[in-house]
Structure formats: structure tokens, C-alpha cells
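This report describes selected features of the structure shown below.

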Amino acid sequence: MYQYDAIDKEMLADRVAEFREQCERRLSGELTEDQFKRLRLMNGLYLQLHAYMLRIAIPYGALNSKQLRKLAFIVGAYDKGYGHFTTRTNLQLHWIKLRDAPDILAHLAEVGMHAIQTSGNDIRNITADPHAGANADEVDDPRIWAEAIRQWSTFHPEFSFLPRKFKIAVTASPADRAATKVYDIGLRLHRNDAGELGFEVLVGGGLGRTPYLGPVIRQHLPARHLLSYLQAILRVYNRHGRRDNIWKARIKVLVAGLGAEGFAREVEAEWESADAAQVDLPDLELARIRAAFTPRNFERLPAASSAFEAAKAGDPAFARFVRHNVKPHKIPGYAIVDISLKKPGETPGDCSGEQMELLADLAERYSQDELRVHYEQNLILPHVKLDDVPALWKALGTLDLDTPNRGLVTDIIACPGLDYCTLANARAIPIAQQIAKRFADPALAEKVGELGIKISGCINACGHHHVGAIGILGVDKKGEEFYQLTLGGSAEADASLGQVLGPAVPANKVADAVDSMVEVYLRERKDGERFLDTFRRTGLAPFKEAVYASAH
Amino acid sequence: MKALTGNNLADGEAVFLGHAGDWVPRFADAELFDDEDAALAAEARAKTQITIVVDPYLIDVIPSEHGFAPLSYRERVRALGPTNKPEHGKKTEGGEAIDALLHAHGAARSKGRVELIRRK
């Protein structure tokens with residue numbers, strides 16, 4: 001894992017001291033709220049319905065046990081004992097006091113963490129494939145490149161006041177676990193026919209009020225030119241992006257306006273006119289970053305583990321966990337273990353301080369001190385020996401972290417919604433809780449199979465509803481909570497935007513509507529079809545008929 | 001009928017202007033304004049209390065079973081705490097005043113949200 005050097009540490013210490021002084025000036029009345037708001041947002045501190053909310057950056061979703069223990073301490077000392085993992089792989093604390101915020105940031109700085117650029121019109125926290133370094137089909141470790149972008153974009157003066165916020169995701173695997181098609185920039189590392197490492201560059205994806213899948217503007221950018229090319233994209237955006245209308249300010253609107261080819265021409269011209277060598281990472285620096293992600297000493301193990309196989313054969317509950325939460329690792333004898341934060345009835349993405357402590361211990365004992373955050377609001381232990389999976393599973397079960405539902409109907413994404421968020425129109429979490437309870441029987445959830453339900457409490461789409469196989473969007477009908485349903489979305493390699501089913505339904509009819517749609521799927525599905533496949537074959541009609549027959 | 005609400009500067013808690021001109025955490029202790037002008041005057045005064053309260057605004061209030069409640073659902077969530085966690089927020093106090101909020105049925109767009117988006 002990348003470790004901050006002396007300069008990084010000094011910058012963070014300075015920033016904490018600066019924010020401490022700004023907070024004091026605000027509390028004394030020397031600064032007005034309008035003056036202070038942008039300063040606190042630059043440090044990830046929002047004011048929400050019940051308290052301040054601190055959004056802590058987790059670059060490419062990677063945490064070590066020391067950081068996790070620090071987060072556990074912070075949620076116990078300064079919050080209500082839990083944190084909320086988001087679709088941007090950040091951690092949000094919902095009950096923060098302004099007067100505590102500088103102390104919390106000082107604690108975070110001790111473990112190389114902060115909340116800088118988790119708000120504002122700048123380059124936000126960089127996300128990457130959470131299976132990085134563990135997955136057999138990746139062509140390189142995407143964290144290396146995400147870390148390079150992180151260093152380049154942090155405090156970048158030219159890109160601190162963009163027309164609007166800016167999000168970059170990196171993957172190095174054909175399976176897209178970083179939702180790269182719905183990012184401002186999606187980077188897909190691959191090798192060309194000559195075997196050279198390069199990025200397929202997608203620009204202008206995004207959700208929100210006007211959702212787009214990002215078009216490819218360059219098929220193969222030699223990897224060494226990543227930073228100069230990003231600079232060119234951001235310069236074109238800074239120059240031509242709209243600043244007069246917040247709803248048209250994201251880069252996706254610019255790309256859609258110019259067309260992908262027109263936008264690409266602008267970028268290429270800008271790129272050619274700049275001195276790439278001044279921006280691109282020197283080989284020595286790239287090697288320094290790469291060294292931080294060099295694989296640890298994996299043991300030479302047989303591909304199969306008799307302890308693992310015996311546990312699977314002897315315990316159906318463990319076998320179910322393996323079916324849904326254990327994924328192949330690139331090293332024989334190891335596995336990637338998914339930890340679901342979606343126990344039916346609980347808040348999706350919430351993790352208690354006690355659970356964080358346990359996970360820190362388990363990461364240390366079983367996963368080379370590494371833990372990852374998946375944008376689907378779940379966690380991952382990336383490097384677990386197959387021999388250790390049964391013991392790990394038992395330990396996870398002591399704190400309800402063994403829910404065997406990754407990818408299933410109960411593995412629901414939900415934004416904080418109207419329970420916490422000032423922007424929300426409607427609640428998202430209780431809708432997720434209602435639906436998950438309907439499918440709480442693990443055998444039923446397994447029968448239904450892969451089905452991504454994604455819920456947002458407003459059109460800003462933090463809950464990724466456009467790319468849910470079933471998407472649910474909370475809307476405000478004269479102050480009442482209604483929910484618009486979309487079908488057929490995906491954020492993965494087969495990315496697509498959902499289609500609106502019909503009129504929005506009231507809050508107490510959403511779970512019934514999902515039930516009806518699942519029934520249609522179970523009736524219509526052919527061998528091996530996921531919900532999404534059946535929908536793509538049948539179209540909206542049978543689902544529409546079922547939902548509006550039962551909902552009204 | 002109106003009440004005046006905002007968030008405490010120091011801790012962010014949702015608060016209401018009380019009878020004595022102080023800021024109180026319980027909606028049940030909020031001053032209720034029948035008179036529109038008096039409400040607007042109170043709002044204007046509150047906007048000068050920059051070391052105490054952030055972004056004060058008026059909310060509509062309606063009669064409920066055991067008292068009064070904010071008309072907008074969003075404002076009832078602020079007065080009660082998040083609905084996903086029974087153990088968190090102001091609703092844990094229980095009693096008639098909380099019941100009045102829980103049983104209210106009014107619906108309207110929240111001025112707080114509308115203004116927030118307008119300012120964005």
C-alpha cells in the first residue's frame with residue numbers, strides 16, 4: 001500500500017491547522033456562513049438535516065487495518081458508533097459536530113487520510129477496481145495509476161475551480177468493477193496487439209439529471225502519457241464547460257454537445273500543443289509508486305484446499321457463502337472474499353465501529369493487512385488463503401458480516417436519502433430495508449439470482465438508479481414520497497441505462513412492485529438468464545403489466 | 001401557522017426558535033407564529049445570529065392529533081431524526097410531542113430544500 005512521505009504528511013498537518021483556524025474564526029463570527037461554507041466543503045464537511053456530515057476519502061477504496069482502527073475510534077469518539085460507505089468508496093460520518101471536525105481531521109492525518117477534495121468543483125477521490133492486485137484477468141495493477149492520478153490531482157491549482165465536480169475511475173480488467181462508463185473519465189487499462197500497455201479513455205459518462213454512458217475518445221493511449229492526456233481533457237473542459245448553469249456544467253454535457261469525435265479532436269489538439277514531458281510521470285517516480293503495490297510474499301500453495309472443500313461439503317451455510325461471496329484469486333490457493341454490508345433490514349453500507357475493529361483484525365490476520373471498499377457499498381478482503389476461509393467466515397458471522405448475498409436481490413445500493421441528506425426528495429434506505437426483508441430468506445434470494453437494485457433519493461443519482469437492473473428514484477409529488485422505477489440498467493461491462501417503467505408509485509407500493517417484477521422474471525426466464533437478460537429479451541411490457549395491475 | 005428553524009452552528013443539530021427567543025432542540029418547544037409579519041421579522045432577526053444558527057428559514061405548521069407538526073415530511077424528519085435508525089435522533093425522547101410528529105399527515109415541498117437548491 002502506498003505510504004505518505006514527509007512532504008505528504010507536512011501538507012496534511014498544515015491543512016488541518018489551517019482548517020482549525022478557519023473553524024475558530026467561524027465560531028467567533030469573524031467569518032459568515034457564506035464565507036465559511038466553501039472552506040468547510042474543501043475539507044469534506046457538509047451540513048445536513050441533523051448534523052454536519054464528514055466525507056472521508058478512501059483512495060481507490062483501499063484501507064489497511066491501522067486506518068480502519070482509526071476510523072473505528074473516530075466513529076466511537078465523535079459520531080454515533082458507525083460510518084456509511086458510499087458508492088464513491090468514501091466513508092460518510094453523519095453525526096459530526098463542527099467544533100470536533102479539526103480534531104477528527106488531525107486523527108485521520110495520523111494514518112494518512114483526509115477529506116480533501118471530497119466536495120467542491122475539483123477532481124474528487126480517484127476510484128479503481130476493488131479487486132486490484134488480486135484478480136487474474138487484470139493487465140496491470142490499476143492502483144498504481146490511480147495513485148499517480150491522486151498525487152497529480154491533489155491541490156492541482158489549475159483544476160481546483162472546474163465548472164463542476166470531476167470523477168475519475170480506473171480499471172485494468174475486462175470485467176468492469178469500477179463503473180467506468182458512468183464516470184467523467186473512465187480509464188480502462190489494456191494491452192494492444194503489440195503488447196503495449198495503454199488506456200482506453202472514456203469521457204463524459206455520468207448519472208444525475210441527464211445520464212450518459214461515456215463514449216470512447218481514444219482507443220489506446222500509451223500508459224506513460226496518462227497525466228498529460230488527463231491535463232488536456234481537463235483543459236478543454238475548463239475552457240468550454242458551462243459555468244452559467246449548474247445542470248449543464250458537467251463534462252458529459254460538453255461531450256454530448258460537441259459529439260465524442262469533436263470533443264476528442266479538441267483534446268488531441270490541446271495535447272499536442274502542450275509539453276507532455278513536463279506533466280507525464282517520470283519512469284523513476286512511476287517505479288517508486290509501483291513498488292508500493294508490489295505483491296507481498298504470497299505462499300506457494302496447492303490450487304485446492306482440502307480444509308476449504310471439507311467445510312463446503314460439511315456446512316450448507318458455508319457453501320452458500322462461498323457461492324456468492326468468494327471469488328477466484330490470481331495466486332493458487334488464495335481467494336478474494338466479499339463482505340456484504342447488506343444484511344436484510346439493515347442500512348446498506350453502514351458499518352459499526354465494532355465491525356470495523358473486527359475487520360481490521362481479520363484483514364491483519366488473513367488478508368495481508370488489506371481491505372477494500374466496493375462502490376456497491378460492500379467490503380472486500382482481497383488476499384485470503386483458501387485454507388483460512390472457513391475460520392474467517394466464522395469470525396465474520398460473530399458480527400453479522402457473513403450475509404451470503406453479493407450480487408443478489410438483497411444486495412441493494414441506497415443513498416442516505418431523505419433520512420440524512422439535505423438534497424433528497426424522498427427516503428431511500430427504508431425502501432431498501434422493505435425490499436430486502438421480502439427476500440431475506442437466503443434460499444429465495446439465491447433462487448432469484450443476480451439482480452442489482454439501486455435506489456436514489458433524488459435525481460442526483462448517488463444511488464446509481466439509472467444503472468440498476470431495477471432502479472428506484474425517489475421523487476417529490478407535492479411533498480409526498482413517490483418512486484419512479486427503471487428497468488434494465490447496468491454499470492458493468494455490459495453497461496446500459498435503465499428505461500422508465502411508467503408512472504411513479506407511492507412508498508408503500510415499491511416493495512410490492514419489485515415482488516411483481518421478480519415474479520414476472522421467474523415466470524419468463526430461460527435457462528441461465530439473469531434478471532437483466534430476461535428483461536433485455538422481453539422488454540418492458542410484461543413487467544409493466546404486472547406492476548400496474550398490482551400497484552393500482 | 002409558521003415556525004422558525006435552522007441548524008446550530010457548533011454541532012449542526014436541527015433547532016427551532018423557542019418562546020423566549022432562544023433556540024431549542026424540540027419542535028414542541030418552538031414558538032408558533034400566527035402572524036406572517038411577526039414570523040418574517042423573527043426570520044430576519046435570526047439571520048443576524050450568525051454565531052448561533054445557520055441558514056434559518058420559516059416552515060409551515062399544521063395541527064396534528066396531539067398538537068402541531070411541520071407540514072412538510074422533510075421537516076418532520078428533521079424534527080424526529082432518521083427513520084432508518086429507531087435509536088438515533090430526537091424521536092428517542094418519545095411522548096405525546098413526538099407522537100404528534102409521527103402521526104402528522106401533511107405534505108408539501110420544504111422551503112428549506114427549495115432555497116438550498118436555489119442557492120446552489
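Which hand, left or right, does the crossing of helix 5 of chain A and helix 6 of chain A have? The crossing of these two helices is right-handed. It should be noted at the outset that the model is predicted.

**Helix pairs in chain A**

Helix 5 of chain A covers residues 142-153, and helix 6 of chain A covers residues 226-240. The two pack at an angle of about 55°, with their axes 11 Å apart. Angles of 65 to 115 degrees count as roughly perpendicular, those under 35 as roughly parallel and those over 145 as roughly antiparallel; helix 5 of chain A is therefore oblique to helix 6 of chain A. On the side of helix 5 of chain A, the contact is made by A:W145, A:A148, A:I149 and A:W152. Helix 6 of chain A contributes A:L226, A:L227 and A:L230. By class, the residues of this contact are 7 nonpolar, no polar and no charged.

A second pair consists of helix 3 (residues 65-78) and helix 12 (residues 353-366) of chain A, which pack at an angle of about 170° with their axes 8 Å apart. Because of this angle, helix 3 of chain A is roughly antiparallel to helix 12 of chain A. From helix 3 of chain A, the residues A:S65, A:L68, A:R69, A:L71, A:A72, A:V75 and A:G76 take part in the contact. Their partners in helix 12 of chain A are A:G353, A:M356, A:E357, A:L359, A:A360, A:A363 and A:E364. This contact has 8 nonpolar, 3 polar and 3 charged residues.

The packing values of the pairs are set out in the table.

| Helices of chain A | Angle | Distance between axes |
|---|---|---|
| Helix 3 and helix 12 | about 170° | 8 Å |
| Helix 5 and helix 6 | about 55° | 11 Å |

**The nonpolar core and buried residues**

The largest nonpolar core has 196 residues, of which A:Y52, A:L54, A:V170, A:I233 and A:V337 touch the most other members. Not counting residues up to four places away in sequence, A:V170 touches A:I126, A:A128, A:P142, A:W145, A:A146, A:A178, A:L187 and A:L189. One of these, A:W145, also belongs to the contact of helix 5 of chain A with helix 6 of chain A.

Is A:I413 buried or exposed? A residue counts as buried if 20 or more other C-beta atoms lie within 10 Å of its own; A:I413 has 29 other C-beta atoms within 10 Å and is therefore buried. A:I413 is placed in strand 16 (residues 413-414) of chain A. Residues touched by A:I413, apart from those up to four places away in sequence, include A:T87, A:P348, A:K454 and A:H464. Between A:I413 and A:G471, 58 residues apart in sequence, the C-alpha to C-alpha distance is 9.6 Å.

A:A469 lies in the loop between strand 17 (453-456) and strand 18 (470-477) of chain A. A:A469 is buried, because 26 other C-beta atoms are within 10 Å. The C-alpha atoms of A:A469 and A:L451 are separated by 6.2 Å, although the two residues are 18 residues apart along the chain. Besides A:L451, A:A469 touches residues including A:G488, A:S490 and A:F531.

**Two residues with positive phi**

A:D369 is a residue other than glycine with a positive phi, near 65°. A:D369 is found in the loop between helix 12 and strand 14 (370-374) of chain A. Because A:D369 has 17 C-beta neighbours inside 10 Å, it counts as partly exposed.

In chain B, phi of B:D55 is likewise positive, near 45°. B:D55 lies in strand 4 of chain B and is partly exposed, with 19 other C-beta atoms within 10 Å.

**Where the chains meet**

How many residues of chain B are in contact with chain A? There are 28, and they are in contact with 29 residues of chain A. Strand 4 (53-64), helix 2 (73-80) and helix 4 (111-119) of chain B each give two or more residues to this side of chain B. Helix 2 of chain B gives the most, with 4 residues. By class, this side has 11 nonpolar, 9 polar and 8 charged residues.

How values were computed: Residues numbered from 1 in each chain as written. Chains lettered and ligands numbered in written order. Predicted model: local features only at pLDDT ≥ 70, side-chain atom pairs only at ≥ 80, totals over all residues. Buried ≥ 20, exposed ≤ 12 C-beta atoms within 10 Å, placed from the backbone. Contact = placed C-beta atoms within 7 Å. Nonpolar A, V, L, I, M, F, W, Y, C, P; charged D, E, K, R; others polar. Axes fitted to C-alpha atoms, helices over the stretch in contact; angles between N-to-C directions. Left-handed = near helix turned anticlockwise from the far one by under 90°. Core = buried A, V, L, I, M, F, W, Y, C linked by C-beta atoms within 7 Å.
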